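The structure is shown first, and the points follow by topic.

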Amino acid sequence: MAFPFVKVFFAFSRPYYPWVINMDSIWMREAELPSFEKLDGSVKTDVLVIGGGLAGLLCAHALAEAGVDCLLIEADRICRGVTARTTAKITSQHGLIYDTLLRRFGPENAHLYWEANEEALARYRELCRTIDCGFEEKTGYVYSLNRADRIEWEMTALRRIGVPAQYADRLPLPMPIAGAVAFPRQAQFHPLRFAAGIARGLNIREQTRALAYDGRSILTDGGRITAEKIVVATHFPIFNKHGAYFLKLYQHRSYVIALRDAADVGGMYVDEQEKGLSLRNDGELLLLGGGSHRTGKPGGCWAELEAFAGRHYPQAKEVCRWATQDCMTLDGMPYVGTYGRQAPNLLVATGFNKWGMTSSMLAAQVLCDLVLGRENRCVRLLSPSRSMLRGQLFVNGFDAAAGLLTPTRPRCPHMGCALKWNAQEHSWDCPCHGSRFTHDGKLLNNPATGGMRPG
């Protein structure tokens, strides 16, 4: 079996890869998050939020502001997972999505999606007035290297639904473009400083892992929690019995390097291609992102970013690198609302694609309104029960079947798929649903809720 060999290989190779497994992003190096005690004993609360990333914190914060008795639990430390590894762009510009939304859902729904994300951005502006988190307004750009037609289609869709976007044919980037769509007054910030600001004063228990759901309560490793409403904000939903999220979601890894002495690009940029590059500055650093691939499959990883930096910023010095993971939906919009038809008191926020900052705020507002019984126009649009009949569904199903039928070990404890060795990050990755584990089996990314067993 390969597992013992990998342990030996990791032990010898790790000194040459000091950033692997627990890579510290620039945010993790510069912020101190408050700490909270572990749950000790069974409790009751009106609302339980499971998951201490930004989506969970924002939901708990909104509920607390509304006077709701709310408890948040986190299996590890708050905001030490995906939130700590974002590129921290707050924007309603989610790639070239509006042409797609217009064709699939019509002009009213496409406009509603933009409006709701703009309202989320406005809520960040309001909160950041009292939180020192480096909030800066920037213009956001989606560019294309060779598909001017896609930029034109997006601009046509945006004009039709009344979004004040602008066209650009030149950008302060080191490569020529075919065109770009610009959204003014978008933003960037320091996500962990922001999270620290909203977390203080909330009822939070860390090192408390949710183990099971019985219809009314959650069993944890610290006691049972009974609640009227339960919000699952665990990045990838952890309860398989409801909602079929193992078919509706897949996970995508992407990579970031922070460069000193590179360039000030002025705005926030992302390629319209799924495997393209993103760029933004944080102070004197240039954050270069890309190298993306489906979790458990090969991709460009950091080598792709290193090659780009070597060509265009040869004088730059790399000071930090990290990787992140995104839950991707079938149609490009998040799943926010009732977890499943047979679990009316269970709510969920997931599938933020690559736009977790804005989507976290939008999800928090929708979930808070659902808990309080208030009307929210986005409930139907973002419903997790909306149609699954998209081409990606069949891709997800095929990959899951292939993973289950592959006879190799070790296996993922989530649903039994064969794990793949990730030589870039020295981890075991699941190509079916995206769970990841250290070389010795400790859990890195869900939906698995515990470590893997050696093969």
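Two strands count as paired if DSSP finds at least two bridges between them. By that rule, β2 and strand β7 (residues 204-205) are paired, in the parallel sense, over two bridges. The model is predicted. Strands of a sheet pair through backbone hydrogen bonds, either parallel or antiparallel, and the two regions below are described in those terms.

- Strand β2 spans residues 70-73 and is covered on both faces.
- Strand β1 (residues 43-50) pairs with β2 in the parallel sense, over four bridges.
- Within β2, L71 is the bridge partner of L48.
- In the parallel pairing of β2 with β7, L72 stands opposite I204.

**The four-stranded antiparallel sheet**

- Four strands form an open sheet in the order β18-β19-β20-β21, and their pairing is antiparallel.
- β18 (420-422) and β21 (443-445) are the edge strands, each pairing on one side only.
- From one strand to the next, the twist averages 35°.
- β18 pairs with strand β19 (residues 427-429) in the antiparallel sense, over three bridges.
- Opposite N422 stands S427 in β19.

Key. Residues are numbered from 1 along each chain as its sequence is written. This is a predicted model: local features need pLDDT of at least 70, side-chain atom pairs count only at pLDDT 80 or more; totals for chains, interfaces and linings use all residues. Side-chain values use heavy atoms; hydrogens and water are left out. Buried means under 20% relative accessible area, exposed over 50%, partly exposed in between (1.4 Å probe, protein chains only). Axes are lines fitted to C-alpha atoms, for helices over the stretch in contact, and angles run from 0 to 180 degrees between N-to-C directions.
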